[in-house]
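Points are grouped by topic.

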Amino acid sequence: MNYFQLLGLSLCGVFCLSIAVGLARHRIGTSAGIAWLTLWTAAGIAIARPQVTVTVARALGIARGADLVFYLAILAMFAGFFAVYVKFRRLEAGITSLVREIALREAEDGGGGRDSGVEHK
């Protein structure tokens, strides 16, 4: 085992442990925790046994294991970016709805300066 494998496996172990702690303390959702544990476990396997990626890549018609890892990383990044985009749009819509509701309530109260806790000058 070379130095990269030792370092990589150590980091994968630390990440898996921190995710397990987050799951136990309910700081990470179950599905997200399982997804991250799967990712870091797969990374650990690829680091410890690089020939596994070559075998899987050839079974899928890809010449090299490194190419398979690269393609999967690109797909994972696109999926992650899309998930963040959807979450951002949902938050933006929620904030717009909340601001609209506050504005309507203040308009009904005649300006809302008295009860809203906001000081107008």
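Contact means heavy atoms within 4.5 Å. Helices (H or I, at least four residues) and strands (E, at least two) are DSSP runs, numbered from the N terminus. This is a predicted model, in which local features need pLDDT of at least 70 and side-chain atom pairs count only at pLDDT 80 or more, while totals for chains, interfaces and linings use all residues. Residues are numbered from 1 along each chain as its sequence is written, and side-chain values use heavy atoms, with hydrogens and water left out.

**Helix α1 and its ends**

- Helix α1 covers residues 3-24; its 22 residues reach 31 Å from first to last C-alpha, close to the 32 Å expected at 1.5 Å a residue. The expected span is 1.5 Å times one less than the number of residues in the helix.
- The buried residues of α1 are Gln5, Gly8, Cys12, Cys16, Ile19 and Gly22. They lie on the same side of α1, because they cover an arc of only 125 degrees around the axis. The arc is that of the directions from the helix axis to the C-beta atoms.
- Buried means under 20% relative accessible area, exposed over 50%, and partly exposed in between (1.4 Å probe, protein chains only).
- Tyr3, Leu7, Val14, Leu17 and Ala24 are exposed on the other side of α1.
- The cover over the buried residues of α1 includes α2 (30-48) and α3.
- Glutamine 5, in helix α1, has a relative accessible area of 13% and is therefore buried. Leaving aside residues up to four places away in sequence, glutamine 5 touches Ile47, Ala48 and Pro50.
- Histidine 26 is found in the loop between α1 and α2. Its phi is near 60 degrees, a positive value in a residue other than glycine. Histidine 26 is exposed, because its relative accessible area is 71%.

- Gly33, Gly44 and Ile47 are buried in α2. Seen down the axis of α2, these buried residues fall within an arc of 65 degrees, so they line one face of the helix.
- Ser31 and Thr38 are exposed on the other side of α2, while α1 and α3 are among the elements that cover its buried residues.
- The axes of α2 and α3 come within 4 Å and cross at roughly 105 degrees. Axes are lines fitted to C-alpha atoms, for helices over the stretch in contact, and angles run from 0 to 180 degrees between N-to-C directions.
- α2 and α3 are therefore roughly perpendicular to each other. Ile45, Ala46, Ile47 and Ala48 of α2 make the contact with Pro50, Val52 and Thr53 of α3.
- Angles under 35 degrees count as roughly parallel, over 145 as roughly antiparallel, 65 to 115 as roughly perpendicular and the rest as oblique.

**Threonine 53 in helix α3**

- Threonine 53 belongs to helix α3 (residues 50-59) and is buried, because its relative accessible area is 14%.
- A polar atom of the threonine 53 side chain lies 2.6 Å from the backbone oxygen of proline 50.
- Not counting residues up to four places away in sequence, threonine 53 touches Ala46, Gly65, Leu68 and Val69.

**Helix α4 and its packing on α3**

- α4 has 44 residues and reaches 64 Å from its first C-alpha to its last, close to the 64 Å expected at 1.5 Å a residue.
- The axes of α3 and α4 are 7 Å apart, and the helices pack at an angle of about 80 degrees; α3 and α4 are therefore roughly perpendicular to each other.
- Thr53, Val54, Val56 and Ala57 in α3 meet Gly65, Leu68 and Val69 in α4.
- Gly65, Asp67 and Leu68 are buried in α4, and the buried residues of α4 pack against α3.
- Arginine 105 lies in helix α4 (residues 65-108) and counts as exposed, because its relative accessibility is 52%. C-alpha to C-alpha, arginine 105 and alanine 46 are 57 Å apart in space, and they are 59 residues apart in sequence.
- Glycine 110, which follows α4, has a positive phi near 80 degrees.

Methods. Polar contact = N/O pair within 3.5 Å; in protein donor to acceptor, adjacent residues only side chain to side chain.
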